[in-house]
Amino acid sequence: MHSISQRFLSIVEGWFCVLIILTSCSSPSPSGELEGGIEGDTLQLKYADHLTIVRCEDYISVQLADPWNEGNVLHTYLLVPKKKELPDCLPEGTVVRTPLRRAVVSTSVHCGLINSFGASASIAGVCDRQYIHLPFVDKGIKEGRIADCGSALSPALEHIVETDPDAIFLSPFQNSGGYGRLEKLNIPIIETADYMETSPLGRAEWMRFYGLLFGQEQEADSIFRSVEKEYQRLCRLAQTATSHPTVLMDKQTGSVWYVPGGNSTIGHLIVDANTVYPWADDTHSGSLELPFEGVLGKAAEADIWFFRYNAPKPITKEQLLSEHRGYDQFRAYQSGQVYGCNTATSAFYEETPFAPQRLLLDFITIAHPELQLGTPRYFHPIKE
C-alpha cells in the first residue's frame, strides 16, 4: 500500500515537544469502560488517540476509534488466549485467538514491526509483495514459507485460503466499502489504522496492540519505551540548537505537490526538530494537494528541502530540474541544501513509522550541523 506513504502525518507548535514530555507524566487510569459496556483494567496509552485497550478477566478488548467519524467505533477486537476456552458471554466484537501463529500481512511497515519483536515466523503470507523490501520476507517467499497473496486491494483468495491464516492485516480507508469477499472467509481482519494517528509517538504506540496479538506484549512494550525515551531525548537536544531553518518537504508528482499537513506525523517531526514549517498552522493530518505555484508562494525561501523518491540509483540536481524547471526558483535548490531519500535503497517506509526517533535524528542532524550528530540515515545531499 505505497499510497499510504503519502499520508505520512502530523505537526503543531514549536514547543510541542516540551508539551508532550510533560503530558507523558500523567498518572494512569486504573479502570475504564468501552462502548458496549465492556469494563476492566485500562492499559495506559500516552499518545495514541484512536486506540483503547482494556484487560478483562478472560479476554482483552481492543477498540479502534473511527478516525474519519469522530465518536464512532471502527472495530472492536476481543483477544482470547488459545489456551483458554471461549468465554460464554462475550460482548460484540471480532474474536481473535492469540497468540497469532499464521498471519497474512499487507504492508512492509507491519512486517518490519512484527520482525522487530521476534514474531517473523508468524508471517505466513504477504500482499503487495513488490513494495516489501525485507530480506527475511524475500527469503521466506523463495523457500515457500511465506505465500505471495497478491494485491491488498484485490488479494488472491485461493492463496489466502491455502495459507490458512488466523488473521489478515489490512489498512482501512475512508469510504472503502469494506473488504469484499475477504469478509466471507471467517478470518479476523485486523484493521491497521495506526497511520491515521497524528503524532509520531501516537502511531508508534500501536506496537503495543500488535505485540498483544502475537504474544509479544513485554517485548513490544519494551521497544516502545525505548523509542519514546530516545524521541524525547532528541526533542530536548534539538531545542539547544541556535539555528532555526525553514523546511520544505517532498516534491511535485504529476500536476500535484503533496505537502504533509500541519497536523501530520511528518509535520510534527519537522517542528520537533526545532525547524520552521511553512504549513505548521494547517490542521490537516494527511497530505495537502497543492499546485506548484502554491508551494512556491509559501516556501520559496525555505532553507532546506527534503524529499522522498524511488529510483535504481541516486537522483542528481540536473535530473531533478528536468522534472520541473521551476525547482531552481527555491532558495534551497540554489544553495545546494537539497536532501533526497531513495526509498528503493533505504528502509525508510519499513522503519520510520514505528521508529520515528530515527527520522527525527535525520532532520536534526541536517538542520542543525552545529550539533555534530554524524551522518544521516535516510536523507543525503543531492549531487550536481
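Me: What does buried mean here, and what makes Gly202 buried?
Reply: Buried means under 20% relative accessible area, exposed over 50%, partly exposed in between, with a 1.4 Å probe and protein chains only. Gly202 has a relative accessible area of 0%, so Gly202 is buried. The model is predicted: local features need pLDDT of at least 70, side-chain atom pairs count only at pLDDT 80 or more, and totals for chains, interfaces and linings use all residues. Residues are numbered from 1 along each chain as its sequence is written, and side-chain values use heavy atoms, without hydrogens and water.

Me: Where does Gly202 lie, and what does Gly202 touch?
Reply: Gly202 lies in helix 5 (residues 200-204). Helices are DSSP runs of H or I, at least four residues; strands are runs of E, at least two; both are numbered from the N terminus. Leaving out residues up to four places away in sequence, Gly202 touches Tyr47, Ala48 and Glu197. Contact means heavy atoms within 4.5 Å.

Me: What makes helix 8 oblique to helix 13?
Reply: The axes of helix 8 (residues 265-272) and helix 13 (residues 356-367) cross at roughly 50° and come within 9 Å. That angle makes helix 8 oblique to helix 13. Under 35 degrees is roughly parallel, over 145 roughly antiparallel, 65 to 115 roughly perpendicular, and the rest oblique. Axes are lines fitted to C-alpha atoms, for helices over the stretch in contact; angles run from 0 to 180 degrees between N-to-C directions.
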